[in-house]
Amino acid sequence: MKLTSLVPAAQARVRGASHIELGKGGLWTRRLRGGPLVLSCTAGAVWVTREGAPDDVVLEAGASYGGEGRGLLVVEALEPAQIAVADGAERTARAALERARAALEKARASWLVLLSLAALYLVWGSTYLAVSVALETLPPFLLAGVRFTTAGALLYGVLRLRGAPRPTLRQWGAAARVGVLLLAAGNGLVVVAQQWVSSGVAAVVVSTMPLWLALFTTVRAARGGALGAPEVSRGEWVGLLVGFAGAALLHLGGALHAEHAGALLIVLAPVAWALGSLYSRTTPLPEGPMAVAAEMLAGGAVMLGISAVAGERLAAAPSSRSLLALAYLVVFGSIVGLSAYTYLLRNTRPAIATSYAYVNPIIAIALGVLLGGERASAATWVAAAVIGAGVLIVSKARH
């Protein structure tokens, strides 16, 4: 074994070491198998030798040595002594285990990010068609209210059974404010407008949300008066102008020229969703999925109240198609989708969390054409591409 002298304080490294008492002339042996080992003499003096090694070593109290090798290691006490032996192999194995655990956690986090993105891309892209089907026999705010209160109650119940604490009064208030912005205004206006616009057009309009979020974030930082507040870069301005040009193209192309003025309410939906997303980053929401449950319960309750005030009524029993679409919206569109979005907002950069905006329109338009019997004009496809390009430019410019 090639032994390398360490400073006397090196024995402080030997934590969790085995301490061995040796009387004068006492022996301690260890068969080395190539792993590192640190030997510290904490009292007395010892003679250290290894089978096949050309030199022997004398350790006095306070001295430490370490090395690697193979063969029989023999320690003989020259006087009553105490040695501390730290098996480097054990430490190496422990370190390797910690590295493996860290790698597994990192891989788990990466998979959660990928699964969350897949949920937003595919599930949220399909919810526009599901809303169109549900609206066949269900009024808009009643549909949205039942969807979110049911999803919120289910998620809340599961979380409480798993031991999650109840939200505090302050957290309920914060969740209500976010729920009103994200769900009652953001989602509710989309559902109302989808009575007159196609699912593909709705998705294209909603895809402007990251542009509004970028704009509001910049304005908020500038108005905060903090030194070094970020300014809008040239790239961000280019992305914002490109994205909003796509929205203007959608309007000029006739896709938003519906027979009812209520269709234009959808333009306000991404604005409300952006404000809710921005507000949710700093407000004291409950921890983890409980925030989603509280937001859905609060937002759903508000929409049910709006439905009652507006006098919404069921003209007839809902069709099985509408009920199946509603069930899909409850489980996938609400519980899965909102949980994925909340996870991404809190664990990834905003550019990643909002990247669904330039994928959802493609999914929504394609599903509307293939399954919903809708038609997508050339202007709609071009507008989707232009808005997606604008969102991508802003995302790259900000990060």
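Modeller: Helices here are DSSP runs of H or I with at least four residues, numbered from the N terminus. By that numbering, S277 has its place in helix 7. Please bear in mind that this is a predicted model.

Biologist: How many helices and strands are there in the protein chain?

Modeller: The protein chain has 12 helices and 9 strands. It holds 399 residues, and buried residues make up 46% of them.

Biologist: Among contacts between residues at least 6 apart in sequence, what share joins residues at least 24 apart?

Modeller: That share is 86% in the protein chain.

Biologist: Let us return to S277. Is S277 buried or exposed?

Modeller: S277 is buried, because its relative accessible area is 0% and the cut-off for buried is under 20%. Not counting residues up to four places away in sequence, S277 touches L182, L213 and Y341.

Biologist: What span should helix 7 have, and how far apart are its end C-alpha atoms?

Modeller: At 1.5 Å a residue, the 12 residues of helix 7 should span 16 Å, and the end C-alpha atoms are 16 Å apart, so the two agree.

Biologist: Which other helix is enclosed by the rest of the structure?

Modeller: Helix 4, residues 199–206, is one: 8 of its 8 residues are buried, so helix 4 is largely enclosed as well. The buried residues there are S199, G200, V201, A202, A203, V204, V205 and V206.

Biologist: Now the nonpolar core. Which residues have the most contacts inside the largest one?

Modeller: The largest nonpolar core has 56 residues, and those with the most contacts inside it are W124, L143, L183, W273, M296, L338 and Y341. Two or more residues come from each of helix 1 (88–134), helix 2 (140–161), helix 3 (169–193), helix 5 (209–223), helix 7 (269–280), helix 8 (289–310) and helix 9 (320–347). Another core, of 18 residues, lies apart from it, with L22, L37, V46 and V57 among its members.

Biologist: What is L338 in contact with?

Modeller: Leaving aside neighbours within four places in sequence, L338 is in contact with W124, F148, L183, W273, V292, M296 and G333.

Biologist: You mention G333. Where does G333 lie?

Modeller: G333 lies in helix 9, and it counts as buried because its relative accessibility is 2%. With sequence neighbours within four places set aside, the contacts of G333 are V123, W124, T127, R147, Y328 and L338. G333 and S126 are 207 residues apart in sequence, yet their C-alpha atoms are 8.4 Å apart in space.

Biologist: What does the side chain of S322 reach?

Modeller: The side chain of S322 reaches the backbone oxygen of V133 at 3.1 Å, and also the backbone oxygen of A134 at 3.3 Å. S322 is found in helix 9 and counts as buried because its relative accessibility is 0%. Beyond residues up to four places away in sequence, S322 touches V133, A134, E136, T137 and L138.

Biologist: And N187, is that residue buried or exposed?

Modeller: N187 is buried, with a relative accessible area of 16%, and its place is in helix 3. Its contacts, leaving aside neighbours within four places in sequence, are A144, R147, F148 and L182. N187 and P270 are 83 residues apart along the chain, with their C-alpha atoms separated by 8.7 Å.

Biologist: Turning to the strands, in what order do they form the open sheet?

Modeller: The open sheet has 4 strands in the order 3-8-5-6, with antiparallel pairing. Strand 3 (27–33) and strand 6 (57–60) are the edge strands, each pairing on one side only. From one strand to the next, the twist averages 20°.

Methods
Residues numbered from 1 in each chain as written. Predicted model: local features only at pLDDT ≥ 70, side-chain atom pairs only at ≥ 80, totals over all residues. Heavy atoms only, no water. Core = buried A, V, L, I, M, F, W, Y, C linked by side-chain atoms within 4.5 Å. Buried < 20%, exposed > 50% of the residue type's maximum accessible area, 1.4 Å probe, protein only. Contact = heavy atoms within 4.5 Å. Polar contact = N/O pair within 3.5 Å; in protein donor to acceptor, adjacent residues only side chain to side chain. Pairing = 2+ DSSP bridges. Axes fitted to C-alpha atoms, helices over the stretch in contact; angles between N-to-C directions. Expected span 1.5 Å × (residues − 1).
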